[in-house]
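Thanks for coming, everyone. Please look at the model on the screen, and I will walk you through a few places in it.

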Amino acid sequence: MLLILPPSETKSDGGTGAPLDLDTLWLPQLTVVRDKLVTELIELSADPETARAVLGLKAGGANADSLRTALDRNATLRTAPTRPALERYTGVLYDALDIGSLTKAQRARAHQRLAVGSALFGVVRAADPIPAYRLSGGSKLPGLPTLAAMWKPALVPALREATADQLVVDLRSGAYQGLGRVPGAVTATVLTERPDGTRTVVSHFNKHHKGLLARALVSTRAEPRDIGALARIADKAGLRVEIASSSELLVLT
């Protein structure tokens, strides 16, 4: 089983790993695209005004610090220290996953079963060493095609080959799935149910419950092969779930 998590805009700083070595990352077929994007982000960091617009950052006040941080991170992509991807990304989903509280055996399964979608790297495994960076799935770098146009030709076949005969649970948002989908992957839709029975998507709960689902799936020793097995694991972990179709699991809050 492979779970593909969404990335987060927020990331931890620093790290103790050696500088970025693209050849060490999962899916070496993606190295050419990765290298191109890293180079473009480094060059973009020299033009703060263009970078601000491209990266979706606001100017002035406290936001100036965010822009400075983003520019510094992107400017040093090839020289900054790295840390495992699962420790680099932060935020609501990763707080719910709470990798630090897992047992040694569960952490080993997390490293084996988890990957993370990335606008910069395509998809990386949990233990892949990466630097902090700023680039979103919907960003458009000057003079280049869209990220989807750059990633699809390389990422789709790479994921298809790497996940053959595996159950894939794709928890990425639509923008990141659009960079390279996995045919036959199970997706999870988180819905908040109101007292009148209507259901709606709430961003915070979406991220939190996807984190809880990921935690349940790396905590179990079971090797689920279909959506029914996934639902049973989630239910045992205390999540309220429904099977919407052979490839969509509903998580209700």
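**Charged pairs, a core and a crossing**

Let's start with a pair of side chains: Glu-193 and Arg-240 meet in a salt bridge, with 2.7 Å from N to O. Keep in mind that this is a predicted model.

Where do Glu-193 and Arg-240 lie? Glu-193 is in strand 7, residues 186–193, and Arg-240 is in strand 9, residues 240–245. Now the surface. Glu-193 has a relative accessible area of 25%, so we call Glu-193 partly exposed. Arg-240 is partly exposed too, at 43%. Salt bridges with shared partners join Glu-193, Arg-199, Arg-240 and Glu-242 into one network.

Why do such pairs form? Side chains of opposite charge can pair when their charged atoms come close. How many salt bridges does the structure hold? The count is 10.

Here is another of them. Asp-35 and Arg-78 form a salt bridge through their side chains, at 2.8 Å from N to O. Asp-35 sits in helix 1, residues 31–44. Arg-78 sits in the loop between helix 3 (62–75) and strand 2 (83–84). These parts are 43 residues apart in sequence, so this pair ties them together. Asp-35 is partly exposed, at 33% relative accessible area. Arg-78 is partly exposed as well, at 35%.

Next, Glu-223 and Arg-113. Their closest N and O atoms are 3.1 Å apart, in a salt bridge. Glu-223 is in the loop between helix 9 and helix 10 (227–236), and Arg-113 is in helix 6. That is a link between distant parts of the chain, 110 residues apart. Buried or exposed: what is Arg-113? Arg-113 has a relative accessible area of 2%, and buried means under 20%, so Arg-113 is buried.

The axes of helix 6 and helix 9, residues 203–219, come within 8 Å of each other. They cross at roughly 110°. Angles of 65 to 115 degrees count as roughly perpendicular, so helix 6 is roughly perpendicular to helix 9. Which residues make the contact? From helix 6 they are Gln-106, Arg-109, Ala-110 and Arg-113. From helix 9 they are Leu-217, Val-218 and Ser-219. By kind, that contact has three nonpolar, two polar and two charged residues.

Now for the core. The largest nonpolar core has 79 residues. Leu-5 and Phe-121 have the most contacts inside it. Helix 7, residues 147–162, gives this core its largest share, seven residues. What does Phe-121 touch? Leaving out residues up to four places away in sequence, its contacts include Leu-20, Leu-22, Leu-25 and Leu-30. Arg-34, Val-38, Ile-130, Pro-131, Tyr-133 and Trp-151 are also among them.

Last stop, the backbone. Most residues other than glycine have a negative phi. Asp-98 has a positive phi, near 50°. Asp-98 is in the loop between helix 5 (92–97) and helix 6 (104–113). At 35% relative accessibility, Asp-98 is partly exposed.

Asp-165 also has a positive phi, near 70°. Look for Asp-165 in the loop between helix 7 and strand 6 (168–170). Exposed means over 50%, and Asp-165 has 78% relative accessibility, so Asp-165 counts as exposed.

That's my tour. Questions, please.

Notes: Residues numbered from 1 in each chain as written. Predicted model: local features only at pLDDT ≥ 70, side-chain atom pairs only at ≥ 80, totals over all residues. Heavy atoms only, no water. Core = buried A, V, L, I, M, F, W, Y, C linked by side-chain atoms within 4.5 Å. Buried < 20%, exposed > 50% of the residue type's maximum accessible area, 1.4 Å probe, protein only. Helix = DSSP H or I, 4+ residues; strand = E, 2+ residues; numbered from the N terminus. Contact = heavy atoms within 4.5 Å. Axes fitted to C-alpha atoms, helices over the stretch in contact; angles between N-to-C directions. Parallel < 35°, antiparallel > 145°, perpendicular 65-115°, else oblique. Nonpolar A, V, L, I, M, F, W, Y, C, P; charged D, E, K, R; others polar. Salt bridge = Lys/Arg side-chain N within 4 Å of Asp/Glu carboxyl O.
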